[in-house]
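Please take a moment to look over the sequence and the fold before reading on. The paragraphs that follow begin with charged side chains and end with the sheet.

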Amino acid sequence: MDVQKVGETLTSNRDNIVLVGMMGTGKSTIGSLLASELGYQLVDLDSVIVEEAGCSIPELFEEKGEAYFRDLETTVLRKVLQEYNIVLATGGGAVLRDENCGLMKNNGWVVALSATVDDIISRVGEDPNRPLLAGGARERVTALLEERKHAYSFADVTIATSGKSTEQVSSEILIHYRG
């Protein structure tokens with residue numbers, strides 16, 4: 001039986017909150033408020049990837065391809081999840097690899113955020129930094145939602161963000177988190 005030493009910090013997978021969901025569901029916005037309310041650090045996975053790569057995500061996709069981006073995403077995710085007391089806002093496709101889902105589940109309390117197609121399009125449909133939306137946002141969002149409909153099922157809780165304020169969603173998450 002392990003005995004905790006005096007002054008040693010207990011850590012668990014609940015020391016981090018990991019936000020997953022399609023692009024435009026509010027991960028970064030909600031994550032910022034949650035981090036502030038908890039006194040945690042907000043980590044935006046895509047921002048860390050951009051910092052590591054030294055170029056934008058659209059440039060990564062164009063120059064190196066999606067497979068390279070996904071490999072880098074996994075490497076950065078593994079590194080980031082070694083930290084404690086963070087709120088991690090992942091990219092929408094971070095759940096496409098089982099390895100990533102395992103990392104998130106083992107190193108955080110996972111919240112899947114969802115939104116309607118209309119809300120997603122109104123939030124990110126015109127964003128030039130969304131390479132997966134090129135060539136018709138509505139069609140791409142609808143197709144991605146269908147492709148990924150089961151990808152977020154590993155989350156500890158799912159919260160719909162459509163029709164709610166950032167504060168309402170954050171409060172709902174905290175009720176579950178503190179449960």
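D71 is partly exposed, with a relative accessible area of 42%, where partly exposed covers the range between buried (under 20% relative accessible area) and exposed (over 50%), computed with a 1.4 Å probe on protein chains only. This is a predicted model, in which local features need pLDDT of at least 70 and side-chain atom pairs count only at pLDDT 80 or more, while totals for chains, interfaces and linings use all residues. Residues are numbered from 1 along each chain as its sequence is written, and side-chain values use heavy atoms, with hydrogens and water left out.

The partner of D71 is R97, and the closest N and O atoms of this salt bridge are 2.4 Å apart; the term stands for a side-chain nitrogen of Lys or Arg within 4 Å of a carboxyl oxygen of Asp or Glu. Because R97 lies in the loop between β3 and α5 (98-107) while D71 belongs to helix α4 (residues 66-80), the pair ties together parts that are 26 residues apart in sequence. Helices (H or I, at least four residues) and strands (E, at least two) are DSSP runs, numbered from the N terminus. R97 is also partly exposed, at a relative accessible area of 27%.

A second salt bridge joins R78 to E99, with the closest N and O atoms 2.1 Å apart. Since R78 sits in helix α4 and E99 in helix α5, this pair ties together parts that are 21 residues apart in sequence. Elsewhere, E172 forms a salt bridge with K164, the closest N and O atoms being 2.9 Å apart, and E66, R70 and E73 are linked in a network of salt bridges. A search of the whole structure finds nine salt bridges.

We turn now to the sheet. Strands of a sheet pair through backbone hydrogen bonds, either parallel or antiparallel. Here five strands form an open sheet in the order β2-β3-β1-β4-β5, with parallel pairing, and two strands count as paired if DSSP finds at least two bridges between them. The edge strands, each pairing on one side only, are β2 (41-44) and β5 (157-160).

Strand β3 (residues 86-89) has I86 and L88 pointing one way and V87 and A89 the other way, and all are buried. On V87, two pairings can be followed: I17 stands opposite V87, and V87 is also the bridge partner of L42.
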